[in-house]
Structures are given as structure tokens and as C-alpha cells.
Amino acid sequence: MLAEKLLLNVLITIAPVLLSSTLMDNNRKFKSPYLCGFLQSIAAITCMLFSYANYGFHWDLRYVPLVVAILYGGPVAGGIVLSSIIGTRLILGGGTMVFGLTNSVLTALIPFLFYKRFWRYSPNKRVVLTMLVGFWSLTLCFLSLSIFRYLEGNFFKLDFNIPDLLLVGLIQTLALGLAAKLNEGIVERNKMKKEIQRAEKLNTLGELAASIAHEVRNPLTVVKGFLQLMQQEESGKNYQYLSLVLNELARAELIINDYLNFAKPQFEKIEEFSLKEVLAEVVVLMEPLAAKQGVQLESELESITFTLVTDRNQFKQALVNLIKNGIEATSEGGKVTVHSKSDNHHAMVKIADTGKGMTEEQLARIGTLFYTTKDKGTGLGTSVSLKIIETMHGKVSYHSVLGVGTEVTMMLPIGKKQQFLSKETAS
């Protein structure tokens, strides 16, 4: 009977996850923590109504929706579920009501305290941690049962079924693991959707930018040629004006080339070179800018030689843009550090600054064309850099804390020249 009740509770606990997944697919407004709290509250209350009464206690899986709501829905959703459990327990009454209320509050305490740190872990670790929180609720239930039996004068009588308690613990742990795994699937699917939407937008913008840049660059080239001819024949004060115009035309050409590079980076010369060597060159190149900004630029480069196969100049451009962003985001007296580490297959390059940092909303928009956190700029340099690394079959990730700083991590693959060329042909 106990196993049947608990298995029914398992179905009840996973129902809100499946339902919320369906609702979120159809409408964004259903991502609200209030909806999560409402659905998980119904699950918790239903579990309590279909509980198994024995040893003076009601055995069910009410804490599964509570833990899942707090960790995956947030404090608001968790608060709604906790209030529902407390209200339902007060209505049900009984001699063990105080124990039930105390267990509910103490069970919610750990997830509430752990919520912010929870999302820093990998998906698999989050599933394991969710299951571990279940052991906390089981411990509380065992202590409550022991205290209740002591108060009843039965503390030393072993007339309760130990296998039943182990069964409750096993099924509750499995239910928490299943619910967490389903939630992680929803989280991963949402990330993939956002990544696909972002890629589609970038491709559309890249094609648009490339077509416009091609059309604009041709007349600019003609204008620049005639101005150069005029400058050769000019010796008066107009010579200075022509020089200014030609400089601005050159700057416009650089911007147009960036747009074309964003649309599709041109890897003209593929070669093998040392990652450490290029990083050292770029750090030396960026030191004057760092000194001008009053920022300390440091490098902690791995001594092991890691060979990259790509266009050296394009890779240097990406590094320059990303390090430059870190320097410009750091106030005077701050520090920017370039780290490198590698194994037999990949190299990791980290660019960490002690700048102003970014919010989650700003982080989500990094790499979007025309978006920048600077007072001046188009955001094109970052977009081009990410596109270059992507073309190298590498990955770039950002981690930032507002007021603390930002860390950019690049994962770069090792390979041979022939392999790189074959990948380029396939793409």
C-alpha cells in the first residue's frame, strides 16, 4: 500500500514539470514564477491528500514539489508552495501537525539559502544536489518520528517497519532526481532555442551587412582614387583638407571591412603557429593602451607549446579586440590578466578584467551586431571576434559580475592544416 501511494505521488510530482513545459512552448508569459509556484502547489497539496498514514505520520512526497519549486522556480515560486503546504497541513490537523509544519519550514530553509549558488554548477551537478537536498528532508522526518515516539513513550520499542522508511527515502530521492532531470531538459531546450534564434539573427544581419558593404565600398574606392589624384596636384591649403578627407575615407573602409569580416571572416593564409607566441605578441602590442588607461596588463602563459592552425592575423585581431574591451571596461588602477592553459586536444585562453562588469541582460546581448556597453562604439569588434573564433571551430563564453569584473573564456581546438582546410570546405 505504501509503495502504491508513493508511486502515485511520483506521477503527481512530475506532472507540473511536463505541463509547464507545454505551456512555455506556446506562450512566453507562462514562464512566470507565479505559474510555477501555482502548479507545484497543486502537486504538493495532491500528494498530501493521497498520503499513507502510519506511525502517527502522513507519508507522501510533498517536499519534492517544494524543493523543485525553490531551486528551479526561484524564491517566489518556493514561497507559494511552502505557504500552500503549511495551509493544507493546518486544515488537515492531527496530533503531529506541529512536526509537519516544522519539517516543512526546515526543509525549505536549505534550498532557499542555496538557491543563488545552485545555478553556478553544471546541469548534472544540479541534479545530484537536488537529490541531496532530499536527504535533508528525510533526516528531518526521521528525527521528528524519533521525537514523537519518545514523547509517546515508545522510543525504545522497535515496532515500526524500517524497510518502509527506507522505501520512502528511495522513492523520494528518485522522484527528486527525475523532476530535476526533466527541468534540466527544459532549461537546455530553452538555451538551444535562444542560440538558434541568435544565430538566425546574426546570419540575417551578416548577409545584410555584407550586401550593403559591397555596394558602398565600390563608390568609395572611386572617390578615394580621384581624391588621391587631386591631392597630388594640390599644393595649397586644400592639401590639408584632402588629407583629412582621405583619412576619413580610410576609416570608413575599415568599418566596411569589419562588416564584411563579420558576415564571413576571410582566412587567407592558413598556417601553424604557437599559441603562446601570438599571445605574447598581442600582450606587448596592447601594453601602451593599458598604460594610457592606467590599467595593469598581466599575462600568465603556459610554458607548454600548443600549436594552432588558422589565419594568424585574423586570430590576432580577435585577441586584440577582446583584450581591448577588457582594458576599456577597467577603470584606472584596475587589472587585466591573460591566462592560457592546454591539454592534448584543446587550449583555453582566459581574459579577466576587474572592470565594471555586466548584468545578465547585457551578457545575453554580447556579440549582437550594433550592441555595445561602451559610451562610444558599434559593438562590431566583439561581433567580429566571436565570428572569427567560431570559424576556427572554437567557443567563447562570458562570465561577469556587476561591479567585480568580466571573464572571457576561449576554447580553441588543436589540429593539422589539412584537417582545418577540409572543415572549411565542408562548411
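1. Asp60 is buried, with a relative accessible area of 6%, where buried means under 20% relative accessible area, exposed over 50% and partly exposed in between, calculated with a 1.4 Å probe on protein chains only. Its partner Arg62 is likewise counted as buried, at 5% relative accessibility, and the two residues form a salt bridge in which the closest N and O atoms are 2.8 Å apart. A salt bridge here is a side-chain nitrogen of Lys or Arg within 4 Å of a carboxyl oxygen of Asp or Glu, and a search of the whole structure finds eight of them.

2. On the basis of these values: this is a predicted model, in which local features need pLDDT of at least 70 and side-chain atom pairs count only at pLDDT 80 or more, while totals for chains, interfaces and linings use all residues. Residues are numbered from 1 along each chain as its sequence is written, and side-chain values use heavy atoms, with hydrogens and water left out.

3. A salt bridge also joins Lys316 to Glu281, with the closest N and O atoms 3.3 Å apart. Because Lys316 lies in helix 10 (residues 312–329) and Glu281 in helix 9 (residues 275–293), the pair ties together parts that are 35 residues apart in sequence; helices (H or I, at least four residues) and strands (E, at least two) are DSSP runs, numbered from the N terminus. Lys316 is partly exposed at 24% relative accessibility, and Glu281 is partly exposed at 30%. Both residues belong to a network of salt bridges that links Glu277, Glu281, Arg312 and Lys316.

4. Buried positions in helix 9 are Leu275, Val278, Leu279, Val282, Val283, Met286 and Ala290. Just after the helix, Gly294 takes a positive phi of about 75 degrees.

5. A further salt bridge connects Glu298 and Lys335, whose closest N and O atoms are 3.8 Å apart. Glu298 lies in strand 4 (residues 296–300) and Lys335 in strand 6, so this pair ties together parts that are 37 residues apart in sequence. Strand 6 (residues 335–342) runs antiparallel to strand 7 (residues 346–353), and seven bridges join them; two strands pair if DSSP finds at least two bridges between them. A hairpin of three residues connects strand 6 to strand 7, and Ser342 stands opposite Ala347. Strand 7 is also joined by eight bridges to strand 9 (residues 405–413), again in antiparallel fashion, with Ala352 opposite Glu407.

6. The structure holds six aromatic pairs, a pair being rings of Phe, Tyr and Trp (its six-membered ring) with centres within 6.5 Å, counted as stacked when the planes are under 30 degrees apart, edge-to-face when over 60 and tilted otherwise. Phe118 and Trp119 are edge-to-face, at 5.6 Å centre to centre and 85 degrees between the planes. Phe118 is buried at 0% relative accessible area, whereas Trp119 is partly exposed at 32%. Tyr72, Phe114, Phe118, Trp119 and Tyr121 form one aromatic cluster.
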